[in-house]
Amino acid sequence: MLVTSEQLMLFIEEALKKVEVPEKDARTTAESLTMANLRGVDSHGVLRLDTYVKRIQKGLVKANPAIKIEREDNNSAVVDANDALGQVAGNLAMEMAIEKAKANTVGVVLVKGSNHFGTAAHYSMMASRQGLIGIVSSNTTALMPPTGGIGKVLGNNPLSISVPGGSCGEVTVDMAMSNVAMGKVINYSQQNKEIPLGWGVDKDGKDTTNPKEVQNGGFLLPVGGPKGYGLALIVEILTGVLANSLVGKEIKSMYAYEEPQKISHIFMAINVESFIGLNDYNQRVEQLLHYIKNADKVSGVEEIFIPGEIEKRCSEKRAKEGNNLSEELMTELNTLAQELGVEPLKGGN
Ligand SMILES: NC(=O)c1ccc[n+]([C@@H]2O[C@H](COP(=O)([O-])OP(=O)(O)OC[C@H]3O[C@@H](n4cnc5c(N)ncnc54)[C@H](O)[C@@H]3O)[C@@H](O)[C@H]2O)c1
């Protein structure tokens with residue numbers, strides 16, 4: 001079912017307002033979820049709305065949090081989100097980091113007591129779209145073992161770095177620390193297809209190509225083996241430890257509906273102009289990107305992409321044609337609409 005971004009935004013906003021989220025915060029959250037759908041990151045789009053609403057209804061996420069700036073100086077701040085929606089705390093913190101970087105080269109804002117904040121690129125791109133470098137990360141519920149280990153020990157902690165990209169817009173890396181998302185394993189399982197070695201392990205930590213073994217007690221693996229494990233651990237320290245908050249297995253799943261998640265995020269902005277004039281910077285980046293795009297290609301490859309380029313193209317396409325939501329998701333959203341008493345989401349085909 002094709003749904004326009006305007007329809008999606010309005011629907012998310014109205015649903016969140018029904019559970020007492022103030023209009024401005026509902027819009028901020030709607031922007032993040034809609035942007036994810038537009039960019040083709042459907043796993044972090046409107047698919048999450050039902051869970052957000054249910055967590056608010058259960059009092060695990062606060063619709064009207066008392067967000068507090070605990071400490072602040074010219075370059076840094078610590079924000080206690082007081083169980084706010086991750087997007088609400090995230091937007092505020094990234095805006096603070098950007099202002100600090102504009103005035104004093106670097107801004108670093110740490111957030112604690114937060115929730116799932118959606119796609120990390122939403123925040124890093126707030127910086128790059130203003131000519132700054134944005135670096136954003138978060139811890140998550142534990143989903144993967146350390147290299148050589150068994151069990152859900154570390155989050156697949158997302159990291160996004162976005163830099164201004166001259167006439168290309170931005171260069172945006174946005175990734176989880178697991179080799180693949182669990183959604184991809186489930187997809188293969190539904191099609192009775194084998195997964196490539198390295199995507200996941202069985203419950204004993206042994207390599208498997210059987211997706212069902214990963215689903216039933218197995219685990220995802222860190223991207224790039226020990227390198228992804230190392231990065232996930234560092235993110236855990238830069239977020240949960242620096243914020244003196246929860247880490248690893250202490251963070252409950254957002255689907256467990258047991259207690260507030262107390263997730264921590266870090267938002268950093270760096271002012272390009274403290275190092276090089278923006279015009280010179282853009283010229284150099286454009287040269288570099290041109291050189292990469294024109295690299296020799298492996299046979300069968302038609303085009304080399306810059307990180308974030310596939311998502312940008314998807315965004316342009318979906319802005320024109322609409323976002324394709326599965327029948328299953330439409331049913332879930334319209335059941336939610338009925339429960340909340342908001343207009344159902346209508347789409348074309
Ligand atoms: N909030 C959370 O707790 C949480 C946790 C995990 C992931 N996430 C989000 O999930 C989303 C998906 O993460 P993912 O790891 O599945 O991403 P992915 O594997 O789809 O993409 C990772 C990166 O690779 C780039 N890329 C992909 N194909 C490319 C190609 N052919 N050429 C050049 N670059 C290419 C993409 O632009 C992207 O920057 C991200 O938005 C991330 O922030 C959020």
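These legends walk you through several close-up views of one predicted model. Residue numbers start from 1 along each chain, following the sequence as written. Because the model is predicted, local features need pLDDT of at least 70 and side-chain atom pairs count only at pLDDT 80 or more, while totals for chains, interfaces and linings use all residues.

**View 1. The shell around the ligand.** Here 25 residues surround the ligand, with Thr-119, Ala-120, Pro-158, Ala-176 and Phe-305 the closest (near means a C-beta atom, placed from the backbone, within 6 Å). Strand E9 (170–175) and helix H10 (309–321) each give two or more residues to the shell (helices, H or I of at least four residues, and strands, E of at least two, are DSSP runs numbered from the N terminus). E9 provides the largest share, four residues.

**View 2. Domains 2 and 3.** The assignment, automatic or from a database, gives domain 1 (1–58 + 321–349), domain 2 (65–178 + 224–294) and domain 3 (179–221). The centres of domain 2 and domain 3, taken over C-alpha atoms, are 27 Å apart. Nine residues of domain 2 are in contact with eight of domain 3 (contact means C-beta atoms, placed from the backbone, within 7 Å).

**View 3. Helices H2 and H4.** Helix H2 (residues 23–38) packs against helix H4 (residues 86–104) at about 90 degrees, their axes 8 Å apart (axes are lines fitted to C-alpha atoms over the stretch in contact, and angles run from 0 to 180 degrees between N-to-C directions). The two helices are therefore roughly perpendicular (65 to 115 degrees). Asp-25, Thr-28, Thr-29 and Ser-32 of H2 meet Gln-87, Val-88 and Asn-91 of H4.

Definitions and conventions: Contact = placed C-beta atoms within 7 Å. Parallel < 35°, antiparallel > 145°, perpendicular 65-115°, else oblique.
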